[in-house]
Structure formats: C-alpha cells, structure tokens
Amino acid sequence: MSNVNFRRLLSGVLESRSALLSPQRSNFHTTILARMPRTAETASFKFNHTMLRIKDPKVSLPFYLDTLGMDLLAEQNMGDFTLYFLGYDHDGISKLSTEDKNKARFNREGVLELTHNHGTESDPSFQGYASGNAEPGRGFGHIAITVDNIEVACARFEQLGVPFKKRLTDGKMRHIAFILDPDGYWVEVVPGSLKF
C-alpha cells in the first residue's frame with residue numbers, strides 16, 4: 001500500500017472514530033459510508049457467500065431448493081464433509097457445465113454454503129448446531145431472502161408447514177417475517193420494496 005493510500009485510509013479511520021465518539025451517534029453508519037469510499041484496492045471485492053452447518057442434507061436441501069426455490073450451484077464431497085453451494089439463479093449459472101459452475105460460483109454474490117459433516121445425520125447423541133440466536137452461541141442472527149409478495153410467500157410457507165419464528169402479524173415490524181430452516185437457523189423474509 002502506498003503512503004498516500006495509507007494516509008487516506010488512516011484519515012478515514014480516524015474520522016470514523018471521531019464520529020463514533022461524537023454525540024451524533026445516530027448518524028454513525030451514514031458518516032462512515034460517506035467518509036470511506038471504495039478504493040481502487042477494494043473496487044473488485046464482492047460478498048460471495050456465507051456458510052451454515054447442517055445436520056442432514058436430505059432434510060436441509062429440500063427446504064432450500066424446494067421451499068425457498070434456490071438452485072444447487074455446486075456440490076463438493078471432501079471426504080468427511082460435503083459442501084453444497086446454493087443461490088438464486090438469475091444469471092444462468094445452473095445451465096453451465098459442472099466445471100464452469102465451480103468457476104462461476106466464486107464470481108457472484110449471494111451464495112449460501114451448506115456444510116454437512118458426515119455422520120451427524122445418524123448420530124443419536126448429536127445435539128445440533130447453535131443457530132446463533134440463543135445461548136450458548138449467541139452471535140449469528142439470520143440470512144434473508146427477498147420476495148415479490150410477502151403475504152403470498154408467507155401463506156405458502158404456512159401451507160407447507162414451515163415453522164415461523166415471527167409471522168407478519170407479530171410484533172411491531174409487520175412488513176417482515178422469520179421462518180426456521182430444519183436446523184433452526186432463522187431466515188428473514190422481506191418484501192422487494194417496503195411499505196411504511
């Protein structure tokens with residue numbers, strides 16, 4: 001990193017820190033975004049994927065593929081575990097050859113990686129994974145999907161017997177819902193555009 005870029009980065013960090021310490025904390029995120037533009041070094045960065053551990057792919061894959069409508073972009077058996085890469089195929093990746101799918105999945109955004117450690121599905125002592133929303137293990141919160149019509153999507157989830165953590169009629173935020181996947185991970189369901 002050049003001295004000029006380092007000084008610019010340091011200046012942005014210090015300005016962001018002073019914004020954090022200022023009494024105007026409600027504008028913290030806006031202030032940081034306004035003062036920390038993408039640099040030439042980070043211009044090509046993309047948020048590629050997040051990973052969730054699953055107990056049984058025979059249960060989890062149908063949820064993500066059939067209930068949520070995702071596509072299986074790639075699958076890799078690594079011996080003692082298997083990786084499943086899922087996403088919404090708005091760019092035609094599912095029509096590619098297996099080799100081209102594997103190459104393309106790292107060049108897109110919004111991929112969900114499900115990791116299955118072999119044997120968990122048949123281990124009677126396996127207690128499951130922490131969803132991140134309860135102790136022990138609070139930290140991770142949820143993934144989210146966007147739908148065109150949230151009322152129709154939630155009615156479909158209800159009809160399919162998908163467990164809800166929060167229905168549209170629950171709480172203050174009546175424009176979003178939370179459903180649970182087979183491992184207890186929360187999936188937020190949001191409309192494509194919010195109506196306030």
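Me: Ala, Val, Leu, Ile, Met, Phe, Trp, Tyr, Cys and Pro count as nonpolar, Asp, Glu, Lys and Arg as charged, and the others, Gly among them, as polar. How does the lining of the largest pocket divide?
Reply: Into 13 nonpolar, 8 polar and 3 charged residues. This is a predicted model, where local features need pLDDT of at least 70, side-chain atom pairs count only at 80 or more, and totals for chains, interfaces and linings use all residues. Residues are numbered from 1 along each chain as its sequence is written, and side-chain values use heavy atoms, leaving out hydrogens and water.

Me: What's the pLDDT of the chain on average?
Reply: The mean is 84, and 81% of residues reach 70 or more (the predictor's confidence per residue, 0 to 100).

Me: What sheet is S5 in?
Reply: An open, mixed one of 4 strands, ordered S5-S8-S7-S6 (pairing takes at least two DSSP bridges). S5 (142-147) and S6 (164-166) are its edge strands, each pairing on one side only.

Me: Do S5 and S8 run parallel or antiparallel?
Reply: Parallel, over 6 bridges, with S8 covering residues 186-191. His142 has Trp186 of S8 as its bridge partner.

Definitions and conventions. Helix = DSSP H or I, 4+ residues; strand = E, 2+ residues; numbered from the N terminus.
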